[in-house]
There are 2 protein chains.
Amino acid sequence: MSFATRREAAARAIAVRLDAALPSGDMPVHAAMRHAVSGGKRLRGFLVIEGAALFELAPERAATAAAAIEALHAYSLVHDDLPCMDDDDLRRGQPTVHVRWDEATAVLAGDALQSLAFELLADPSCHPDPGVRADLTLRLARAAGAQGMVLGQALDIAAETAETPLDLDGIAALQAGKTGALIAWSGAAGALLASADPAPLELYARRLGLAFQIADDLMDAQGDEARAGKRLRKDAAAGKATFVSLLGAEGARARADALVTEAQAALDGYGARAGTLRDLAAYVVRRDA
Amino acid sequence: MSFATRREAAARAIAVRLDAALPSGDMPVHAAMRHAVSGGKRLRGFLVIEGAALFELAPERAATAAAAIEALHAYSLVHDDLPCMDDDDLRRGQPTVHVRWDEATAVLAGDALQSLAFELLADPSCHPDPGVRADLTLRLARAAGAQGMVLGQALDIAAETAETPLDLDGIAALQAGKTGALIAWSGAAGALLASADPAPLELYARRLGLAFQIADDLMDAQGDEARAGKRLRKDAAAGKATFVSLLGAEGARARADALVTEAQAALDGYGARAGTLRDLAAYVVRRDA
């Protein structure tokens, strides 16, 4: 199967699982939850499914964990877009939740999507062994919480009002929380579903996550808004330090390429089976959306 | 031990567990999380600990689950107080999080407190059997999410702009989500920690939760703001239907008393061991704060 075919198959498996899990109610909050999880690249869910595939697990056996991380990611975007946070009106080419509905609905939809992520991980359909389910839950709670993603968000907010812009280490720490923690979880999850050592996949995912973020900074600086489906040039407008502002576009591109090589090296132990994950690492820095 | 002594012992065990679990970082979001979980009646955590005590489990063995529900409850209060929700400036006698810090910090602190609740439930310190941890997690995720607490919040918001005020069934449905779901979980949790049937304690807690809510409506209509530590008369000012507006103060009081009797009857199978839980049911409708 080609890389594109595998991505489509994974996206389909995730969509089916999310569809079954999302509330069917007709309140605005229910519609907003469905809106928030629709579209998107499904990078995190694809990582879970392809990580599990290394250990011969079919996509369906990783789909619940993949749906969980996509629900959690969607929650973080809905809250991140709020007026009191990044104040974004466009996401995945659609109006953001608080624009389409209102702020209260966006707060509630995000809150319920976070609950849904843990509901999925704790559900027997995620894995027959409750020990695996509890471990995935514990690791995701830590990755999402005040020492993980929320810490990254808080560092991002603090950087906006700080007197001196962040340096490279500061930005790396911010991104390790803001996007790195969930991506690292997604890498580890595939191995955990197979009761295998998660360390190599987690290392791969950390490198890939940072490369992905640098590519995001490059897109913010140079990309096309219509293709990206979200507002760009926000970092420069806000005077925020980014990998691009600190390294220059060429330096940032070189750093991203080096990270891709490191990510791929972390897969050496898996041999030819890891071809799709190697392709994915190369893909995340070439994408233009 | 007297009722008051048992409440204090439970509150102490919960405070110790929360203290160990809360992030020690010095970012505003970390301070806001600690602020949000401080104070409060610890009704939900006390239910967990006293439910477990029916099966001879010491407070320490239920303290992690009790801390989890208090973290989740605190998250719900922080988000409920936001300007786009209830817009409250006072909670537990203190400025609310978005007043003391800002809205972004309140959104993030609430988000991280929800993650913390699931981190605590999935942690081995909650229970040695991962099957029990996964079950507690699954049930709390459902109770908190779009068919539970968030649904109750959404119904509350919808009622504010509806043309006709809610009737008694509508208010009961709203409260079953908004406060009932977490209180029912708290009742069931004690039994689940002991691998016992959760049904009687869950029924007890549902009745107690509704009695508690009616008492809250009575306090909102008749209570003293300084003692309550929060703003009162908000329901009447907003023209919201409540148990008091629909049944009158006397009718609401009678309904609450009937619910207390039903709650106590659900404990019949536990005999004298359930004395504290019987006292608790009577207590929640007599409190003035």
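**Note on a predicted two-chain model**

1. Chain A can be superposed on chain B with an RMSD of 0.0 Å, by a turn of 180 degrees and a shift of 0.0 Å along the axis. The two copies are thus related as by a two-fold rotation axis. The superposition is by least squares on the C-alpha atoms of residues with pLDDT of at least 70 in both copies.

2. The model is predicted: local features need pLDDT of at least 70 and side-chain atom pairs count only at pLDDT 80 or more, whereas totals for chains, interfaces and linings use all residues. Residues are numbered from 1 along each chain as its sequence is written, and chains are lettered from A and ligands numbered from 1 in the order in which they are written.

3. Chain A holds 14 helices and two strands. These are DSSP runs numbered from the N terminus, with helices (H or I) of at least four residues and strands (E) of at least two. The C-alpha trace of chain A spans about 50 × 50 × 35 Å along its principal axes.

4. For 289 residues, a compact globule would have a radius of gyration near 19 Å, and the 18 Å of chain A agrees with this. The radius is taken over C-alpha atoms, and the globule rule is 2.2 Å times the number of residues to the power 0.38.

5. Of the 289 residues of chain A, 57% count as buried. A residue is buried if 20 or more other C-beta atoms, placed from the backbone, lie within 10 Å of its own.

6. The contact between the chains takes 40 residues from chain A and 40 residues from chain B. Two residues are in contact if their C-beta atoms, placed from the backbone, lie within 7 Å. On the side of chain A that touches chain B, H6(A) gives the most, with 12 residues. The residues of that side divide into 24 nonpolar, 10 polar and six charged. Here Ala, Val, Leu, Ile, Met, Phe, Trp, Tyr, Cys and Pro count as nonpolar, Asp, Glu, Lys and Arg as charged, and the others, Gly among them, as polar.

7. Since 100% of the interface residues of chain A are also interface residues in chain B, the copies meet through the same surface.

8. Helix H2 of chain B (residues 28–37) is mostly covered, with eight of its 10 residues buried. Among them are B:Pro28, B:His30 and B:Met33. The cover of these buried residues includes H8 of chain A, together with H1, H4, H5 and H6 of chain B. Just after H2(B), B:Gly39 takes a positive phi of about 70 degrees.

Methods:
Buried ≥ 20, exposed ≤ 12 C-beta atoms within 10 Å, placed from the backbone.
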